[in-house]
Amino acid sequence: GRLEAVTQQMGYHPQYLDSFLKTQHYLMHMDGPLPFDCRHYIAIMAAARHQCRYLVNLHVLQFLRAGGDPQWLRGLEFIPPKLRNLNEINKILAHRPWLITKEHIEKLLKISEWSWSLAELVHAVVLLAHCHALASFVFGCGCEQDEGLGGRGLLKPLSLGNQCFCEATAGNSCSQELLRINRKRSLDSCMELDSLRERMQRIHVETEGRDEMRLLQQDQEEGEGQGAEVGVQGGSSYGLSPFVDTDGEVTSATNLACYMQDPDFGYQDFARRDEDQTQVFRVQDYSWEDHGFSLVNRLYSDIGHLLDEKFRMVDGLQSSAMAKRQGCEPSVFKRGIWNYIHCMFGIRYDDYDYAEVNQLLERMLKVYIKTVTCYPEKTNSEMFDRFWKQFKHSEKVHVNLLILEARMQAELLYALQAITQYMI
């Protein structure tokens with residue numbers, strides 16, 4: 001039930017939630033180019049870029065349930081080179097997607113022992129964009145709670161009483177199949193926790209044994225005094241798994257830095273460049289509807305339809321009260337938010353007057369949207385409270401859904417355009 005805080009928030013808009021859960025389930029649990037454990041590890045890498053412990057911890061448990069190697073949880077140095085090579089595109093997509101080029105794609109697809117196929121890469125790109133955008137939603141709606149040592153404890157999510165998510169949405173449009181899956185996952189999590197602890201404890205014992213042998217060999221080679229010193233260091237670096245405490249309990253991640261390289265790489269304001277530098281991305285030249293949808297659907301069957309449904313669903317959500325407060329039509333208000341988000345990533349619409357953005361969105365609302373979109377880990381409760389006073393909670397969630405989908409589509413547009421250029 002670790003995703004329950006997210007589904008509770010999205011439950012204010014049940015039709016969208018239904019679409020989101022179908023996409024999430026397809027990406028993580030249905031047939032696709034990537035192995036199940038790799039999918040969850042890619043999600044861990046993506047969430048770590050924004051220091052989102054909520055999603056990292058969720059996918060760590062799912063990774064282990066899928067049979068993933070616990071050694072990988074020690075960090076990028078312990079994973080196969082093929083996965084590690086995804087780090088660069090993960091970093092760029094998360095913070096400055098306009099920097100992605102066909103050369104990045106070519107590097108991953110080049111023929112070698114660790115090469116990616118086009119289908120695998122598309123699956124990975126969709127996963128990365130999905131988790132980056134979901135991290136924005138998690139921080140924006142306050143789902144990133146204190147999870148023990150090192151937790152951030154930011155905003156407190158709204159509780160729906162004592163109801164579980166399934167009960168709270170049973171009368172809405174979420175399908176019975178999705179509710180059944182949700183219940184089964186919650187039961188599975190409870191039933192498998194004991195066996196997971198036992199497995200992690202066994203791995204811990206085996207790891208300690210291997211480390212002792214390694215240290216003994218070092219003692220013999222380097223001498224007793226130097227070997228003892230190495231032994232102290234080894235106990236620190238190679239002792240308990242980061243997700244098992246001294247009692248064998250599964251614990252949360254305390255150091256997300258091991259899942260990323262170049263942690264100082266972050267968002268920088270996109271501005272119009274000289275002709276020899278980064279150019280503005282014009283939707284008229286490459287759009288989701290005309291280009292991205294067909295490419296992604298061809299290489300990763302059916303995901304294009306699910307993504308397209310989700311984009312259309314968030315655009316169709318009712319927002320009359322929210323727009324009325326801003327003194328405009330609902331479609332005008334939503335398009336202003338959507339285009340403002342895309343503009344921050346260098347995506348422009350030739351048929352839109354960007355002067356409308358300043359007229360529609362008050363300054364504090366723009367600051368909040370930019371923070372949640374570009375560096376969500378900096379979102380705090382003070383920002384959340386200062387300008388949301390005139391909005392209902394469902395309206396706040398609606399704005400965060402727009403942020404989620406607009407950001408995800410922006411990342412996909414850049415990545416899919418680069419793949420298209422490579423294929424040409």
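Predicted model: local features only at pLDDT ≥ 70, side-chain atom pairs only at ≥ 80, totals over all residues.
User: Is His-132 buried or exposed?

Analyst: Let's start with its place: His-132 lies in helix 8. Setting aside neighbours within four places in sequence, His-132 is in contact with Ala-46, His-50, Asn-90, Leu-93, Ala-94, Arg-407 and Glu-411. The relative accessibility of His-132 is 0%, and the cut-off for burial is under 20%, so the residue counts as buried.

User: Which side chain makes a polar contact of 2.9 Å with that of His-132?

Analyst: The contacts of His-132 beyond its sequence neighbours include Arg-407 and Glu-411. A polar contact of 2.9 Å joins the side chain of His-132 to that of Glu-411.

User: Now for the pockets. Which helix supplies the largest share of the lining of the second largest pocket?

Analyst: The second largest pocket has a volume of about 370 Å³. Of its 17 lining residues, those closest to the centre are Glu-289, Phe-311, Asp-315, Trp-338 and Gln-409. At least two lining residues come from each of helix 12 (288–299), helix 13 (303–316), helix 15 (330–344) and helix 19. The largest share, five residues, comes from helix 13.

User: How many charged residues are in the lining of the second largest pocket?

Analyst: Among the residues closest to the centre of this pocket are Glu-289 and Asp-315, and both residue types count as charged. The whole lining divides into eight nonpolar and three polar residues, while the charged ones number six.

User: What is the separation of the C-alpha atoms of Val-367 and Met-383?

Analyst: Val-367 sits in helix 17, residues 363–374, and counts as partly exposed because its relative accessibility is 32%. Along the chain, Val-367 and Met-383 are 16 residues apart, and their C-alpha atoms are separated by 8.5 Å.

User: What is the phi of Asp-262?

Analyst: Most residues other than glycine have a negative phi. Asp-262 lies in the loop between helix 11 (224–237) and strand 1 (281–282), and it counts as partly exposed because its relative accessibility is 37%. Although Asp-262 is not a glycine, its phi is positive, at about 55°.

User: And where is Asp-302, in which loop?

Analyst: Asp-302 is another residue other than glycine with a positive phi, near 75°. Its relative accessible area is 40%, so Asp-302 is partly exposed. The loop that holds Asp-302 is the one between helix 12 and helix 13.

User: Stepping back, what percentage of the residues in the protein is buried?

Analyst: The protein has 19 helices and two strands. Its accessible surface comes to about 19100 Å², with 48% belonging to carbon and sulfur atoms. Of the 424 residues in the protein, the buried ones make up 53%.

Key: Residues numbered from 1 in each chain as written. Heavy atoms only, no water. Helix = DSSP H or I, 4+ residues; strand = E, 2+ residues; numbered from the N terminus. Buried < 20%, exposed > 50% of the residue type's maximum accessible area, 1.4 Å probe, protein only. Polar contact = N/O pair within 3.5 Å; in protein donor to acceptor, adjacent residues only side chain to side chain. Contact = heavy atoms within 4.5 Å. 1 Å grid on protein atoms, 1.4 Å probe; cavity = no way out; pocket = protein on both sides within 12 Å on 5 of 7 lines; lining within 4 Å. Points joined across faces, edges and corners; volume = space filled by probe spheres on them. Areas by Shrake-Rupley, 256 points an atom, 1.4 Å probe, with all protein chains shown as cover.
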